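Trainee: I would like to learn how to read helix packing from coordinates. Can we work through a case?

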Amino acid sequence: MAKTAYASNKAPIRTPRGTEYDAFAHVTHSLSAAAAKGAMGFGQLAEALHRNRQLWTMLAADVAENTNGLPPDLRARIFYLAEFTAQHSRKVLRGAETVDVLVEINTALMRGLRNGAEPA
């Protein structure tokens with residue numbers, strides 16, 4: 001019976017790239033949804049910005065490692081985007097900017113992950 005139960009499981013195997021895509025898709029949706037609520041969604045927006053910065057910080061730490069297999073110029077661009085995301089997030093929290101550019105950056109990264117191409 002156990003053999004049959006395991007054999008019928010046709011769930012796809014998750015790849016690291018797919019996991020990264022899903023994490024960015026989730027946080028990008030959260031950013032957009034919170035921003036759409038305006039002032040009433042500020043708490044949700046702050047939480048979504050925090051999670052977005054966490055993702056970008058992890059990505060920056062990964063590309064900063066000497067063992068990272070990405071080309072050096074791509075690693076540098078990803079690191080720059082992580083720094084930009086942190087700075088822009090502070091501006092959003094102060095009300096000086098919107099999340100639009102963060103959503104665009106995440107969407108471009110997701111497109112790169114989905115297509116196997118280099119992100120913006």
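Mentor: We go through a helix, the cores and one histidine. This is a predicted model, where local features need pLDDT of at least 70, side-chain atom pairs count only at pLDDT 80 or more, and totals for chains, interfaces and linings use all residues. Residues are numbered from 1 along each chain as its sequence is written, and side-chain values use heavy atoms, with hydrogens and water left out.

Trainee: What span should the 16 residues of α5 have?

Mentor: Helices are DSSP runs (H or I, at least four residues), numbered from the N terminus. The expected span is 1.5 Å times one less than the number of residues. For α5 that gives 22 Å, and the end C-alpha atoms are 22 Å apart, so the two agree.

Trainee: Which residues of α5 are buried?

Mentor: Buried means under 20% relative accessible area, with a 1.4 Å probe and protein chains only. In α5 they include Leu102, Ile105, Leu109 and Leu113. The buried residues of α5 pack against α2, α3 and α4.

Trainee: Which residues touch the most other members of the largest nonpolar core?

Mentor: Such a core joins buried Ala, Val, Leu, Ile, Met, Phe, Trp, Tyr and Cys residues through side-chain atoms within 4.5 Å. Here, of 16 residues, they are Phe24, Trp56, Leu59, Ile78 and Leu109. The largest share, five residues, comes from α3.

Trainee: Is histidine 88 buried or exposed?

Mentor: Histidine 88 is buried, because its relative accessible area is 7%. It is found in α4, residues 72-94. Beyond its neighbours within four places in sequence, histidine 88 is in contact (heavy atoms within 4.5 Å) with Glu97, Thr98, Val101 and Leu102.

Technical notes
Helix = DSSP H or I, 4+ residues; strand = E, 2+ residues; numbered from the N terminus. Buried < 20%, exposed > 50% of the residue type's maximum accessible area, 1.4 Å probe, protein only.
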